[in-house]
Amino acid sequence: MAAFFGRVAASLRAWHLPALFVVFAAARLVALAAGVEPISRMPDHWQFQNPQILRDDLVAGLWYMHSQPPLWNLLYGLSLKLFGDAALLYATAMASNLLSVVLIYRLVTRLSGAIGLGFVAAAIFAVMPAALLYENFPLSTSFVAAMVLLATWSAIELDGPQRRAAFLGFVLAMWTLTLSRATFHIAMVPLACALACLPWRDAWPRRFLPLLAASISLPLLVYAKNLMLFDTFAASSWGPMNAARMVTVEVPRPALREAMQRGGCDPIVELGAFAWTKVYRPYVQHDARFVDTSRRLDDARPYLRDYNSLEILSAADRFSKAVPCMIAAAPDIYLKNVRRAVRIFLSASHHYIYIGSGHDGPSASGDNVGSLRSYIDMFDRALWLPIGGGADKSHAPSLTVVLVVAVWLTAWVFARRWMSWRGRDETLRSRAFVVGSLFFAIGLATCLVEVLENNRFRHEVEPLMFVFAALSVALAARNLRPVRLQEKALKVM
């Protein structure tokens, strides 16, 4: 009998991945027929260097870029040179979603043995509206989500039969995360490596040090370059700009001025975050840092445009001092936007404010959200379940997301059981739990420093949430099964 069930399980495994590929491809064909496609206008601001610079002088454009980590702009520059548009970005995003589907399935089945549940979780992610929308959106969201899964998968395989491939996969994931998204600061890398090496108590230094050295090597060069050129040890100069939204977004002008005057805060706050170069120039053109950096980078002026300008760099420096001043002067403004950020974080990721047309963002030239409207509404009713009434549910928290986040946070109350290192299965689940929790915590922490885009940031850990939710269901069902059998036995007796 055991051999029979073993053959059945092997048969199921054999067709699951091909079936997932079919589901993935069918969903894209249906979306294409509905009118979903990559946006037609080339990305020219937000997280991008000037496309003309990337096309004509890619190396210099990346060297003098401070606004964002360079990897996604490198792909964009290569795409402009090879195809004349952003085709490579969209191809990378679609391939990333396919990789996420495979890794969701592999992680769930590896950590729980529940192959049916793994298939269902991966299939839902393959067809969910957010996956279809973000892979037709020019930012690195889908790519980062796949790299988070790759890091988690590699971490649990570091002592498996393919340990060398897992080592390289983990290092690659650390490189791509730190060089694609400023959210994943280089300070994350030592902690991620330490968590991945936790089970090796006696051999911990011997395992940890090589993994850390390899994982931090390339990002450290980029950080050092930015320190040398721009006096900032970061992959992006935008951190203070994002934080400035927390004290300026949807704050009435009288309240903003009153708080600014009460705390004696820098008047640059009144301009708001992410204004254009010309708005900040009168405020920063006489700053010592601006003058010094301008003199040092005088030959690089063509490469410092718009959101990558020196004005933005100097304004961000002033915001780094002004934001704490504003929080101290008016904590109620800050806390109100933290609550708003958490609410957005808990809403469905396909309701991201800039992903549909009608908003001032990269997708303004296409209406992919409109093309998928009925499909999105179906998912909202069947799976995401918005909490709250009213006609506009676009930023209502999703009951499903709230439950998964609540379970994840509650799991730490019982972390001793999750982090049992006695048997091999327990070790694998524990490592996935602690490494995955690091990425989840980073996504959740964005609610403290950014408002408006938090559900996009959550989508970067959403596939990991699918894994955790499926794993929790599988383990709960397994723990409840003996109780049912015992109840039946008592009734028979």
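Helix H9 (residues 163-180) buries Ala166, Gly169, Phe170, Val171, Ala173, Met174, Thr176, Leu177, Thr178, Leu179 and Ser180, where buried means under 20% relative accessible area, exposed means over 50%, and partly exposed lies in between (1.4 Å probe, protein chains only). Helices here are DSSP runs of H or I with at least four residues, strands are runs of E with at least two, and both are numbered from the N terminus. The model is predicted, so local features need pLDDT of at least 70 and side-chain atom pairs count only at pLDDT 80 or more, while totals for chains, interfaces and linings use all residues. Residues are numbered from 1 along each chain as its sequence is written, and side-chain values use heavy atoms, with hydrogens and water left out.

What do the buried residues of H9 pack against? Their partners are helix H4 (71-83), helix H8 (141-156), helix H10 (188-196), helix H11 (204-230) and helix H22 (424-445); a contact is counted when heavy atoms lie within 4.5 Å. H9 has 18 residues and spans 25 Å from its first C-alpha to its last, close to the expected 26 Å. The expected span is 1.5 Å times one less than the number of residues.

Helix H4 also holds Leu82, and Leu82 is exposed, with a relative accessible area of 61%. Together with Leu74, Leu78 and Phe83, Leu82 makes a nonpolar surface patch of about 370 Å². Patches consist of residues with over 30% relative accessible area and no salt bridge, with like charges joined within 9 Å and nonpolar side chains (Val, Leu, Ile, Met, Phe, Trp, Tyr) joined within 5 Å. The areas come from the Shrake-Rupley method with a 1.4 Å probe, and for residues only the protein chains shown count as cover.

A wider view comes from the whole protein chain. It contains 24 helices and zero strands, and 54% of its 493 residues count as buried. Among contacts between residues at least 6 apart in sequence, 75% join residues at least 24 apart. The accessible surface comes to about 21,700 Å², of which 65% belongs to carbon and sulfur atoms.

Helix H19 (residues 373-384) has 12 residues, but its end C-alpha atoms are only 15 Å apart, short of the 16 Å that a straight helix would reach. Its buried residues are Ile376, Phe379, Asp380 and Trp384. Seen down the axis of H19, these buried residues fall within an arc of 105 degrees, so they line one face of the helix; the arc is that of the directions from the helix axis to the C-beta atoms. On the other side of H19, Ser374, Arg381 and Ala382 are exposed.

Just after H19 comes Leu385, with a positive phi of about 50 degrees. Most residues other than glycine have a negative phi. Leu385 lies in the loop between H19 and helix H20 (399-411) and is partly exposed at 32% relative accessibility. Asp306, which is not a glycine, likewise has a positive phi of about 50 degrees. This residue sits in the loop between helix H15 (288-296) and helix H16 (310-329), where Asp306 is partly exposed with a relative accessible area of 34%.

How many salt bridges does a search of the whole structure find? The search finds 21, a salt bridge being a side-chain nitrogen of Lys or Arg within 4 Å of a carboxyl oxygen of Asp or Glu. In one of them, the side chains of Glu250 and Arg340 meet at 3.1 Å, N to O. This pair links distant parts of the chain, 90 residues apart: Glu250 is in the loop between helix H12 (239-245) and helix H13 (253-263), and Arg340 is in helix H17 (residues 331-345). Glu250 is exposed at 64% relative accessibility, whereas Arg340 is partly exposed with a relative accessible area of 24%.

Other pairs sit within a helix. Glu258 forms a salt bridge with Arg262, their closest N and O atoms being 2.2 Å apart. Because they are four residues apart in helix H13, Glu258 and Arg262 are separated by about one helical turn. Asp292 and Arg296 meet in a salt bridge of 3.1 Å, N to O, and both lie in helix H15, four residues apart, about one turn of the helix. Finally, Arg245, Glu450, Glu453 and Arg456 are linked in a network of salt bridges.
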